[in-house]
Amino acid sequence: MTMQPIMIGKRDRIDDIKLILEALVIGTFAGLIAVMYRFLLHHIEDFLSWFPGVVRENGLYILAMFIGLVFLGLIVGAIGKWERYCGGSGIPQVRAEIKGYINPNPLRILVAKIVGGAFSVLGGLSVGREGPSIQMGAMAGKTVARVLKRKPTTEKYLLTCGASAGLAAAFNAPVAGVLFSLEEIHHHFSRKLLISSITATVTADFISKLFVGARPVFTFKLQEQIAFSHYWMIIVLGVILAVLGILYKRLMEIFHGFYDRLRLPAQVKTVLPFLVSGLLVLFLPQVLGGGGIMIKAMISGSTTIKMMLLLFVVKLIFSVFSFSSGVPGGIFFPILILGSTTGMIFAQIVAPNYTESFIILAMAGFLTAVVRAPLTSIILIFEMTGRLNYLLPVSIVCLIAYAVTNWSGSLPIYDYLLGRLLNGNKTKDIISTHPTMIHAVVQPGCCLAGKRIADVDWPREALIVEIHRSPYEIIPHGDTVIHTGDVLHIIVAHHELATVQGMIHRLCINEVEGGNE
């Protein structure tokens, strides 16, 4: 029996329109939240720029500061105990929810992330705004999905829309927001995911520019592009950044092990980075906060290479120490600051005339080395700096950083953090037993292409209900032959979602041994 394909129906087109309209609402909601959080942290960092000069004038001020820091640490720890999924950047939590492992309350996350993140930065901890903005954006998407009573499959799209919008609003980077959702959160591409994410990120970016303005996050006055005769420097820089990225991940493991071995209540452990912050207020206040203070100090031109090296080492250790404690806060912005410092030091040694060029290259390369998302890193730096004419050198440094760290076997940071989250989640939250729809794209050269559905060893918990082969929708049966580029629509029990997704993903990308005949 032959099953005839049918053209995409009116209902599918209506569903697409609904998804776009819902993404528009989510982009607005997530954008407003991210802009509010951005304003809040900006004013806190202004306070941190002023505060050290005042507090060091009087011993009583110093005592009061340490008492206040202990108090802040206990509050942030209590918030983490109240909502266990608010700690860290929030990106591993979003990925875990997409995979079906956890189901946090979105309103609790929003409250805990805003208050906990603000208090963490107020305490001087070296954490950024982007991870919290991504998680809060995702929770905005989830809230809209729950209000509209959308199905679990659609809820995943809307959650992703919110995450993309959060990053877009945090950095004025709509394209990077879309790429991040595809490259880091979902690890696959689909038409609905792309269109809905674009809608949400463009909307969030409009909201951000409406309140914050259209200026790039970083402004550089570049004199000229790096000459081709100096491209060997870019290769060397890429290798250095890769080594530093591996070191960053190793430090994260060391400090996580340190906190794990401490026989203290979890809500008390968070006090430690606040106390370290107090010492830095007295001796090296430039490293406090996400990094805005430090970058301003270095770009002023009065910082020596020895001082920059000291700032880099202390900022690196303090950033990882702060984040490993589990406080709400991201690592993107501190990573960018560490990358910019590396680029500045490198340029001062080998080519002072290209200082700002190497700052841009090093930001993108170090982010790639740590996160292992080169495309997102390249586009993010372009959007944050407004320099779109550096595609070739930025791409080279990112690819080298990616290749070396990948060859080393070091896990991408968010894969490592996701593993810790799931290993620590002893009683996994089963979202529901209701079925969920997932989508998988058959890649060129994979073992599925050219096979009948009946001839494939599918996961027992998966049921293929539809195949999208543009411009047709095919209702499959055992004799249906799978083609390259087909989008498989698969029903999965929600409690088996993560396992089945992994198996389907491997089927769709694994090449036939020896190549296709």
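Reader: In which helix is the place of Phe 206?
Author: This is a predicted model. At 54% relative accessibility, Phe 206 is over the 50% cut-off, so Phe 206 counts as exposed. Its place is in helix α8.

Reader: Which element gives the most to the nonpolar patch?
Author: The patch covers about 580 Å² of surface and is made by Leu 32, Phe 39, Phe 206, Leu 210, Phe 211 and Val 212. Two elements give two or more residues to the patch: α1 (10–55) and α8 (191–212). With 4 residues, the top contributor is α8.

Reader: Is Lys 149 buried or exposed?
Author: Lys 149 lies in the loop between α5 (130–147) and α6 (152–171). Lys 149 is not a glycine, yet has a positive phi of about 55°. Most residues other than glycine have a negative phi. The relative accessible area of Lys 149 is 74%, and the cut-off is over 50%, so Lys 149 is exposed.

Reader: Is Arg 372 buried or exposed?
Author: Arg 372 also has a positive phi, about 65°, although it is not a glycine. Arg 372 lies in the loop between α15 (355–371) and α16 (374–385). Its relative accessibility is 9%, and the cut-off is under 20%, so Arg 372 counts as buried.

Reader: How far apart are the end C-alpha atoms of α16?
Author: Helix α16 has 12 residues. At 1.5 Å a residue, α16 should span 16 Å. The model agrees with that value, because the end C-alpha atoms are apart by 17 Å.

Reader: Which helices do the buried residues of α16 pack against?
Author: Leu 380 and Ile 381 are among the buried residues of α16. The buried residues of this helix pack against α6, α7 (174–186), α14 (332–350), α15 and α17 (391–408).

Reader: Which residue in β5 is the bridge partner of Ala 462?
Author: Strand β3 covers residues 462–469, and strand β5 covers residues 487–493. The two pair in the antiparallel sense over 6 bridges. In β5, the partner of Ala 462 is Val 492.

Reader: Which residue in β4 does Arg 469 stand opposite?
Author: Strand β3 also pairs with strand β4 (residues 472–474). That pairing is antiparallel, over 3 bridges. In β4, the residue opposite Arg 469 is Tyr 472.

Reader: What separates the C-alpha atoms of Val 313 and Val 287?
Author: Val 313 lies in helix α13 (residues 305–324). At 43% relative accessibility, Val 313 falls between the cut-offs of 20% and 50%, so Val 313 counts as partly exposed. Val 287 is 26 residues apart from Val 313 along the chain. The separation of their C-alpha atoms is 10.0 Å.

Reader: What share of the contacts with a separation of 6 or more comes from residues 24 or more positions apart?
Author: The secondary structure of the chain comes to 19 helices and 5 strands. Of the 517 residues, 55% are buried. Among contacts with a separation of 6 or more, the share from residues 24 or more positions apart is 82%.

Reader: How much of the accessible surface belongs to carbon and sulfur atoms?
Author: The accessible surface of the chain comes to about 22,100 Å². The share that belongs to carbon and sulfur atoms is 65%.

How values were computed
Residues are numbered from 1 along each chain as its sequence is written. This is a predicted model: local features need pLDDT of at least 70, side-chain atom pairs count only at pLDDT 80 or more; totals for chains, interfaces and linings use all residues. Side-chain values use heavy atoms; hydrogens and water are left out. Patches are made of residues with over 30% relative accessible area and no salt bridge: like charges are joined within 9 Å, nonpolar side chains (Val, Leu, Ile, Met, Phe, Trp, Tyr) within 5 Å. Accessible areas come from the Shrake-Rupley method with a 1.4 Å probe; for residues, only the protein chains shown count as cover. A salt bridge is a side-chain nitrogen of Lys or Arg within 4 Å of a carboxyl oxygen of Asp or Glu. Buried means under 20% relative accessible area, exposed over 50%, partly exposed in between (1.4 Å probe, protein chains only). Two strands pair if DSSP finds at least two bridges between them. The expected span of a helix is 1.5 Å times one less than its number of residues. Contact means heavy atoms within 4.5 Å.
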